[in-house]
Structures are given as C-alpha cells and as structure tokens.
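Please have the sequence and the model at hand.

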Amino acid sequence: METTAPADLLVTDADLVATVDDDRREVAGGWVAVTGGVVSGIGGPGDPRPAAVRTVDARGCLVTPGLVNTHHHLYQNLTRSFAPALTGGLFDWLVTLYPLWARLDEEAAHVSAYVGLTELALAGCTTSTDHLYVHPRGAGDLIGAQVRAAQDLGVRSHFTRGSMSLSAKDGGLPPDTVVQDDDEILAESQRLVAAHHDRSPTALTRIALAPCSPFSVSTSLMTRTAELAEQLDVRLHTHLAETQDEDAFCLERFGRRPVDYLADVGWMSDRVWLAHVVWPSPDEVRRLGAARVGAAHCPSSNMVLGSGLAPVAELRAAGAPVGLGVDGSSSADAASLWLEARTAMLQGKLRHGAGSFTARDALEIATRGGAACLGRTGEIGQLSVGACGDLAVWPLTGPAFAGALSDPVEAWLRCGPVAARHTVVGGRLVVEDGVPVHPGLDEQLAVHRRVSQRIQLEDPAAPHRSRARGGPLQRGR
C-alpha cells in the first residue's frame, strides 16, 4: 500500500483562512499544510486533512499569508524616538541623525537587525526588506552582519545595498564620513550579490541595489547602478517623491521633477520599487503604472514627518504594484505591519470615502502587493499550493473582538490592536503563542541598549547638542 509522508506542519480549524491567492479564496473552518517549506495543501472542514509531524490549533483565529515589508531601515531602531529629531521634516531629521548613524559598525548592524526582524515577526511579518545606506569608513561588512541576524532567526529577508555618494560639500545632505565613491559602491554591490543572493523560489535571502535618493547620490551612480542591476538580474530600490522639498531639490539641481529624473537614469522598469511615492502628479502616476514600477507605501512615516498622503488607489489603478513598509525609526517608531495595514485602510477611506478601501484591500497590499514589489509573485504573499509556507495566525478573541462575528478579515483591522499568535516561515514557527522562538532575544536586547547608548552619546561639539531636550528644530542645513 502506498503511503503519503506526513506534512511538516498543519494549521487547523481556523475561523477563516484568507488565502489571498489568485482567486482570493477564503475558507471558513480551514486548514493549511506545509511540507518541505512550501504549502502542500489547503482545505475546509469537509476535506481530508493530511497527517502532520506538528499540528497548530487555529480555532478563534484568522489565518493569512505572512505579511511582506517592502521598506525599512533596521539600523534606525538604534535611534528610536530620538528627541532632537522629532519636530522637523525629512531634511531636518536626516541632518540631525546622520552624525549618530556615522557611528554604525558590524555589531550595531547585527543587533539592530536581530531586534528589528524579531519585532516585525511578532506582528505577522515573514518577509522584510531593509535599506541600509549609511556605510561609515572602517565600519566593516554591515550587510553581512544583517544577513547573519536574519539567518539566526530564520526569517525571509531582502537586504538592499544602499549607498550615498554626495556629501554636504557636494550639495548633498550627509557628512563626508558616511559617503563612498561610485566605484567602491558598485564593487561592494557586486560582491554582496555574489555572496548572498539566492535566486531559488524559496530563497530566504536576496540582495537588491539601492542608492539612497536623488539628493544623496550622483546621477552617474544612479545610471551605473541600473546597468549593474540589469547585468546581475537583481532589483532596484530608492526613495522617491517623498516630500515637496524633494520636488524643489530635483527641480533646482536637475531641472527635472523626481519621476522625470528617474526616467533619465534608466529606472522606469518593473525591476524597480520606490519608497513613499507621495507626490507624483496624475501623469506621473500613469507613467509609473505603465512601467510597472512598484511603490512601498509607508503611511505612518508619511504622517509622522508630515510628508503627505500617498495616492495609493491611483497607483494601483494605473497598474503599479503597491506594498506596505514600516520605514525606519524616528520617522515611524513602531515596526508593525498590522499597524501599517490598518493605517493604510484609514488613509484610503480618508482620501476617497468610507467604501473605497477595505480591510481586504489592506491585506492585499500587505501580502500580494509586497510580493509583486519584490519580484516574488506566486512565491510569497499568498497561500497556494507550491508557494512558500509563510503564514500568520491572528487571534480574534477577547474583549477587543467581542461581538465581531460577521467578517473576520474586517474585524482583524477594525478591532484590535492585535499581534500574531503564531508566525510561520517556510513551515517553521518563528513566533509561537506570541513569543519569539529563538532563545537569544534577552541577550540581544541588552546588547542593543548598550549599542544604542553608544550611538546616541553626544559629542559636545555636535550641532544637535543644544536641542537635546527636544526643543523646536529649526530648518536649515
């Protein structure tokens, strides 16, 4: 008699499994099986369940694909809620924090990644990007340190090799100590792709190339990075159209608006996803959609910094993939994709009316939309046979959900707040019963506090010292 090997994991008896698959199937009383790191079966109460090595009871819960974070700066949790930077806009914020970030080293990159990825996993995130663009001289291999942290935790990560080549003396914002020349940046980018980029459909680690922004790198670096990404077949990421200040900067420096500049340097392609995209014109929205350029929507950061409300519905209607991003600390100090999904839903309703943006729309951009931004449609961001076995189990019980009987997906975002009960990456629990599985968190939190204190230790000569008690931050560079 032929026997079938048991599944590695079986999640059973969910109030609802929201697959977010191609058919947007939702299964009441559903189950999900994961074998060999990928989804091997999905069914309802009447469907025969496979035997399993491990079973997780999801009664009273909503099961969704694992959430996908498309924009973050993990190292910035070392300066979380830093008082001198809390009252200015984007450019003020950057100028205040660059001198602190110039103190990064491998230990700082590792511990900030460990703590940040753990925080994301607690809120149901199974895949995260990171944009580390500050590389102080002599700091070591910061991206390699982040990769080691992600491997320790067993989470899926897309690390981008960020860069800055224009310092304050060149008309940019950062100090000389954190910029590099174009050739050094491109050589390091190529090395990291060779060392860490996994092209398999179940890859845990991928690398993308990510010059920081139009106001921090040269035009030559933007063009050459696009050429290198084409040669290496990797993705491209940068900040764009985040603030009206950026519009003014690009017009003054390049004689072009940010989206026109993007086209000039060869970035209008489906290899690209952009952070924020708050201020494109209607015609620019159309052009971005036609080119299938992705957008990482960062609703909390956009509000904290006063940047504006991104045209999410318009971008999606134009054909641009839209995902969610928690962004980095001091602009968005809570790294919860559940919070970003809820905030995206509320912003969508604020822009276009109560019926214009639902919890399912928010779940879609938090999962499938993020997968599309990262070039991983069908691999992550959905529950379907053959996709990565990444999922989140969300409790819908207790006082916050009392009376929420008719629609578990709407209840998930309208009620709460809620963290994941279980977070699963490739069939392996990384959060179980609301607690990280990896045993190193307490030790790493102690390291994080020590490193944060070192990073934030003020130099008496630093210009931000006089603002250390959080007084109004004056504009200026």
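## Lining of the largest cavity

In this predicted model, the residues lining the largest cavity divide into 7 nonpolar, 8 polar and 2 charged. The cavity has a volume of about 120 Å³. Of the 17 residues that line it, the closest to its centre are L90, W93, Y133, H239 and E242.

Helix 1 (residues 90–101) supplies the largest share of this lining, 3 residues. In total, the structure holds 4 cavities of 30 Å³ or more.

## Salt bridges across the chain

Side chains of opposite charge can pair when their charged atoms come close. The count here is 28 salt bridges.

One of them joins E26 and R360, with the closest N and O atoms 2.8 Å apart. E26 lies in strand 3 (residues 26–28) and R360 in helix 12 (residues 359–373), so this pair ties together parts that are 334 residues apart in sequence. E26 is partly exposed, at 34% relative accessible area, and R360 is also partly exposed, at 30%. E26 and R360 belong to a network of salt bridges with D407.

Another salt bridge links R224 and D183, at 2.9 Å from N to O. R224 is in helix 5 (residues 219–232) and D183 in helix 4 (residues 182–196), 41 residues apart. R224 is partly exposed, with a relative accessibility of 32%.

Definitions and conventions:
Residues numbered from 1 in each chain as written. Predicted model: local features only at pLDDT ≥ 70, side-chain atom pairs only at ≥ 80, totals over all residues. Heavy atoms only, no water. 1 Å grid on protein atoms, 1.4 Å probe; cavity = no way out; pocket = protein on both sides within 12 Å on 5 of 7 lines; lining within 4 Å. Points joined across faces, edges and corners; volume = space filled by probe spheres on them. Helix = DSSP H or I, 4+ residues; strand = E, 2+ residues; numbered from the N terminus. Nonpolar A, V, L, I, M, F, W, Y, C, P; charged D, E, K, R; others polar. Salt bridge = Lys/Arg side-chain N within 4 Å of Asp/Glu carboxyl O. Buried < 20%, exposed > 50% of the residue type's maximum accessible area, 1.4 Å probe, protein only.
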